[in-house]
Amino acid sequence: MGDRVGAPRTVGRYLLFDEIAAGGMATVHFGRMIGAAGFARTVAIKRLHSQFAKDPEFVSMFIDEARLAARIAHPNVVSTIDIVNDGGEMLLVMDYVFGASLSHLAHKVRSNGEAMPPPIAVSIMTGALYGLHAAHEARSDAGEPLGIVHRDVSPQNILVGADGVARVVDFGVAKAIGRLQTTREGQLKGKTAYMAPEQIRSLPVDARTDVYAASVVLWEALVGERLFAADHPMGLMNAVFEKEVPPVSVARPSVPRELDTIVARGLSRDPDQRFPTARAMAMALESAFRSASVREVGDWVRVEAAESLARRARRAAEIESSSGVGGGLAPPPPRDGAVAAEIPEPDVSTGGSHASDARPRRRGGGFLALAAGLLLVAGGVAWWKR
């Protein structure tokens, strides 16, 4: 990415600026929605690569992602605004969110030899669980349950805004009734280290599958290290099936023991022993532990991600000044002057037995990237990295 903003392209009513991140199937761009009387709104736009925009299977995945996300209206889920098919261009338009992915924040904390403060980690994951519950409960226009299961809950797909609100992103590999594109037999979509045992075994999945993945994310956030790790896919799968998971207060003594039972229940290998819904787990966390307020989470994000947020804010200001349309692209900076949007980069599965768990650092191999926190994917995505 160069230091200067290139001339935007016009696709329908959107201005498409230079890319912020690139993946195997799509790129993510800053965008401006242009309306009458000087109206303009900053958005994040995921653009399907031209070769895939001609492939019915990939187009179906792209449309599925937009349709599913559009059915979920909740503060803890990134909103999908529009889908555009114009002159061979396939665009997914999403809300522009200022913040950082949980993976970015966790890496920043780990690089300092620390773990997230438990009140912060619990607050973030409680919000994410409520967002997942909203997805699980989503219904069609006719009022029929959609049966959405995210299937790729991971730190890369949880965006934490500078406003302190955690948002779930990326429904590109979600299971749902009525999808145009379905997973081939024997093909896993998602990140193995966060998959529930039944998902790895290609057994039926439901809301409890996402509860398990969210519990892995919470364990890692509290402890400050990966729960399941291995040098090769089979070793990783074996760890998911067989590793004895230590209580969080044992792995990290500073974590209150009140959280041990909740996290352990969420991590049960037997779905029937887990919380029946993501909402039930969120409520259990709220009852057992005093988590941070959204204001406290926002303050923490602005400190931990100050450098990257300030860089994104400068980038946003460049694009605003270059567009010459409508209001400002970047909101007023917070008290510490560090603002920005981060867009996750996806790590797209190419098919076969499993999706890669390798995480490129900034702009490499994966969807969405930074600068406008949002959704992305089509086939096994991984959001913004470090």
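Here is a walk through the nonpolar cores, the cavities and the salt bridges of this structure. Keep in mind that you're looking at a predicted model.

Let's start with the cores. The largest nonpolar core has 71 residues, and the ones that touch the most other members are Met116, Ile124, Met125, Ile148 and Leu222. Take leucine 222 and see who it meets once you skip its neighbours within four places in sequence: it is in contact with Ala115, Pro118, Ala121 and Val122, and also with Val248, Arg252, Val255, Leu259 and Val263.

Next, the empty space. Rolling a probe the size of a water molecule over the atoms shows where such space is left. Here the count comes to two cavities of 30 Å³ or more.

The second largest cavity is a handy one to visit now, with a volume of about 40 Å³. Helix 3 gives the largest share, three residues. By type, the lining splits into five nonpolar, one polar and three charged residues.

The largest cavity has a volume of about 50 Å³. Around it you'll find Arg151, Asp152, Val153, Lys191, Tyr194, Met195, Gln199, Asp210 and Ala213. Four of these lining residues are nonpolar, one is polar and four are charged.

Side chains of opposite charge can pair when their charged atoms come close. The structure holds 16 salt bridges, and one of them joins the side chains of lysine 191 and aspartate 152, at 2.8 Å from N to O. That pair ties together distant parts of the chain, 39 residues apart: lysine 191 sits in the loop between strand 9 (166–168) and helix 5 (197–200), and aspartate 152 in the loop between helix 4 (118–136) and strand 8 (158–161). Are the two partners buried or exposed? Lysine 191 has a relative accessible area of 2%, so it counts as buried, and aspartate 152 is buried with a value of 2% too.

Another link between distant parts of the chain comes from arginine 41 and aspartate 95. Their side chains meet in a salt bridge at 2.3 Å, N to O. The two are 54 residues apart, with arginine 41 in strand 4 (residues 40–48) and aspartate 95 in strand 6 (residues 89–95). Arginine 41 is partly exposed, at 33% relative accessible area, whereas aspartate 95 has 19% and is therefore buried, since the cut-off is under 20%.

For a local pairing, look at helix 2 (residues 56–70). Arginine 67 and aspartate 64 both lie there, three residues apart, which is about one turn of the helix. Their side chains form a salt bridge at 3.1 Å, N to O. Aspartate 64 is buried, with a relative accessible area of 0%, while arginine 67 counts as partly exposed at 41%.

Technical notes:
Residues are numbered from 1 along each chain as its sequence is written. This is a predicted model: local features need pLDDT of at least 70, side-chain atom pairs count only at pLDDT 80 or more; totals for chains, interfaces and linings use all residues. Side-chain values use heavy atoms; hydrogens and water are left out. On a 1 Å grid over the protein atoms alone, a cavity is a set of points where a 1.4 Å probe fits but cannot get out, and a pocket is an open set with protein on both sides within 12 Å along at least five of seven lines; lining residues have an atom within 4 Å of a point. Grid points are joined across faces, edges and corners, and a volume is the space filled by probe spheres set on the points. Ala, Val, Leu, Ile, Met, Phe, Trp, Tyr, Cys and Pro count as nonpolar, Asp, Glu, Lys and Arg as charged, and the others, Gly among them, as polar. Helices (H or I, at least four residues) and strands (E, at least two) are DSSP runs, numbered from the N terminus. A salt bridge is a side-chain nitrogen of Lys or Arg within 4 Å of a carboxyl oxygen of Asp or Glu. Buried means under 20% relative accessible area, exposed over 50%, partly exposed in between (1.4 Å probe, protein chains only). A nonpolar core is a set of buried Ala, Val, Leu, Ile, Met, Phe, Trp, Tyr and Cys residues joined through side-chain atoms within 4.5 Å. Contact means heavy atoms within 4.5 Å.
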